[in-house]
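Subject: Structure handover and findings

Hello,

Here is the structure I said I would pass on. My notes follow below it.

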Amino acid sequence: MNVLAILMIGGVLAVPAVGLWALHWASCNGEFRLIDRAALLPFDEEEPVGQPTDLILNRHSPTT
Amino acid sequence: MSSPSKTFSALMPGDLPEDSSKRALLAEIDASCRVPVLFFVVSGLLWLLAGTALALVTSIKLHSPGFLASWEFLTFGRVRPAHLNTVIYGFASQTGIGVTLWLMCRLCRVPFVAPGLATVAALFWNIGLTVGVVGILMGDSTSIEWLEMPRYATPILFVSYALVAVWAVITFRLRQERQLYVSQWYLLAALLWFPWLYATAQIMLLIDPARGVVQAAVNWWFAHNVLGLWFTPIGLAAIYYFIPKVIGRPIHSYYLSVLGFWSLALFYNWNGLHHLTGGPMPAWMITVSIVASVMMLIPVTTVAINHHLTMWGHFEKLRHSPTLRFVVLGAVCYTATSLQGVANSFRGISEVVHFTHHTIAHAHLGLYGFFTMVMFGSLYYIVPRITQREWPSLGLISIHFWGCFLGLVLYVAPLSLGGILQGLAMNDASVPFMKVVEGTLPWLQIRTLAGLLLALGHVAFVANLVWLLARVFGPYRKPVVAILTGIETPAIAGK
């Protein structure tokens with residue numbers, strides 16, 4: 001078995017192994033428990049929930 | 001900006017202290033992203049223009065074979081793979097990386113780490129790509145679809161990609177927000193999957209080529225997964241970020257988004273071989289691929305339901321936000337192309353549509369209708385923030401959207417229908433093959449017209465971007481409050 005074949009097989013085994021490790025890590029770090037908080041991560045004090053952004057078309061403003 | 005020691009410490013094992021620094025302000029993060037993100041994005045859009053020109057030449061040649069036929073570097077066999085590679089690796093990958101860099105910084109709540117590293121990566125990527133595309137036009141194509149760039153170009157691309165991956169690891173390690181948003185899951189997974197796909201395909205097809213039908217199997221495993229495990233996660237990450245951000249409402253169900261991610265990770269990898277239905281492959285391999293294709297209904301429906309219910313009650317904002325227009329159109333196309341892909345994987349349908357223009361329409365609905373639209377929408381959001389300039393022309397935004405939308409409809413619908421008619425005619429032994437070819441001509445002419453509309457949209461977008469960038473070097477800044485909130489304020493003069 002040459003080196004490339006070993007690399008191929010290693011890759012095939014490594015990717016699902018990384019996936020399982022990521023699942024375990026996520027579980028241990030509360031990624032599946034703190035769901036409600038995770039959904040709010042795109043928002044913060046500067047751009048909070050309820051504040052739309054990027055509404056730049058058809059504003060019907062005198063300055064546009 | 002992080003210090004070198006902080007950058008290196010991020011690569012070391014063990015968690016960083018939680019209070020190593022404060023969470024950065026959004027404006028600080030955006031400003032730090034300017035050079036590397038713009039480098040990837042602007043060069044990606046220049047490759048888009050090149051890819052569009054090559055696509056038009058290719059499309060015209062399909063119904064007028066004598067067009068530009070006297071130059072060998074413009075023959076169909078060279079122009080078509082040159083178009084594919086400029087669009088895949090030049091535009092889509094670079095724009096996707098640019099959007100990935102910005103999203104990672106925003107969601108990790110850290111300013112751009114090691115911008116020099118990412119800028120050098122972008123430089124290498126463009127050098128490698130230029131060498132590869134020129135190689136294809138000079139006749140050095142490998143003839144393996146989606147991997148046509150000659151072997152001497154790919155190591156440069158791989159070095160560039162490795163630098164991006166190192167950057168992602170550093171940024172992830174330095175993050176100030178410990179919990180991950182679903183977009184980060186998609187982005188990190190894409191950054192893991194792409195080198196695996198690319199390296200495996202390079203080794204098994206070019207460096208130490210497998211023999212016989214294994215080549216076809218690896219080729220389709222790679223080509224299909226580049227779309228599903230590289231572009232799709234980046235596109236979905238952007239959708240999951242930008243729809244909530246623009247409408248100001250969290251995603252409808254975070255549970256569904258997590259389910260969608262893990263089911264994509266589990267099932268997509270098996271899909272590629274359904275393109276070899278009817279080929280000289282072991283039947284069980286095709287069957288497994290078809291089953292996995294049907295299982296893709298889980299991530300696709302979860303994503304579709306989630307996006308639709310998040311948008312529910314906010315559809316009027318489509319009138320006001322270019323980001324939302326493009327991103328929602330991309331999300332709709334994702335659902336459509338995925339369901340079409342599931343249907344096309346069935347043996348009975350595949351025997352009609354395979355080897356026809358229907359497959360070309362399907363591929364464009366995925367890569368263009370879904371991914372490219374989402375990238376356009378993302379750029380409408382990102383570029384004003386990292387440059388602190390508004391888009392100069394709202395008219396050019398409209399031309400961009402409607403050119404792309406009408407072009408997309410005119411491309412996908414007729415070519416899908418024409419492909420089915422072509423497949424039915426090809427399966428009828430009483431129809432001469434030349435008659436089948438002649439029957440495709442009207443659809444191919446419509447496709448060229450669609451290409452012109454798409455080109456119009458692309459030129460409008462790039463013109464608007466160049467205009468905006470020209471203002472970056474101008475003496476006055478425009479107010480950025482309107483960009484962030486959509487609320488007009490009196491102009492603020494001065495630097």
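What percentage of the 64 residues in chain A do buried residues make up? The figure is 14%. Please keep in mind throughout that this is a predicted model.

Chain A and its contact with chain B

Chain A has two helices and zero strands. Its contact with chain B takes 32 residues from chain A and 42 residues from chain B. On the chain A side, the elements that give two or more residues are helix H1 (3–28) and helix H2 (35–38) of chain A. H1(A) gives the most to that side, with seven residues. Sorted by class, the side of chain A that touches chain B has 18 nonpolar, eight polar and six charged residues.

H4 and H8 of chain B

Helix H4 of chain B covers residues 76–108 and helix H8 of chain B covers residues 213–247; their axes come within 10 Å and cross at roughly 40°. H4(B) is therefore oblique to H8(B), and their crossing is left-handed. From H4(B), the residues B:Ala92, B:Gly96, B:Val99, B:Thr100 and B:Leu103 meet B:Phe231, B:Ile234, B:Ala237, B:Ala238 and B:Tyr241 of H8(B). That contact divides into eight nonpolar residues, two polar and no charged.

H15 and H16 of chain B

The second pair is helix H15 (residues 394–426) of chain B with helix H16 (residues 433–472) of chain B, which pack at an angle of about 165° with their axes 8 Å apart. Angles over 145 degrees count as roughly antiparallel, so H15(B) is roughly antiparallel to H16(B). H15(B) passes H16(B) in a left-handed crossing. By class, the contact of H15(B) with H16(B) has 23 nonpolar, nine polar and one charged residues.

H14 of chain B

One helix deserves a separate entry. Helix H14 of chain B, residues 357–387, bends by about 30° at B:Leu365. Is H14(B) largely enclosed or largely open, given its buried residues? Because 28 of its 31 residues are buried, H14(B) is largely enclosed by the rest of the structure. The residue that follows H14(B) is B:Gln388, and the phi of B:Gln388 is positive, near 55°.

Regards

Technical notes
Residues numbered from 1 in each chain as written. Chains lettered and ligands numbered in written order. Predicted model: local features only at pLDDT ≥ 70, side-chain atom pairs only at ≥ 80, totals over all residues. Bend = angle between axes of the 7 residues up to and from the residue. Helix = DSSP H or I, 4+ residues; strand = E, 2+ residues; numbered from the N terminus. Buried ≥ 20, exposed ≤ 12 C-beta atoms within 10 Å, placed from the backbone. Axes fitted to C-alpha atoms, helices over the stretch in contact; angles between N-to-C directions. Parallel < 35°, antiparallel > 145°, perpendicular 65-115°, else oblique. Left-handed = near helix turned anticlockwise from the far one by under 90°. Nonpolar A, V, L, I, M, F, W, Y, C, P; charged D, E, K, R; others polar. Contact = placed C-beta atoms within 7 Å.
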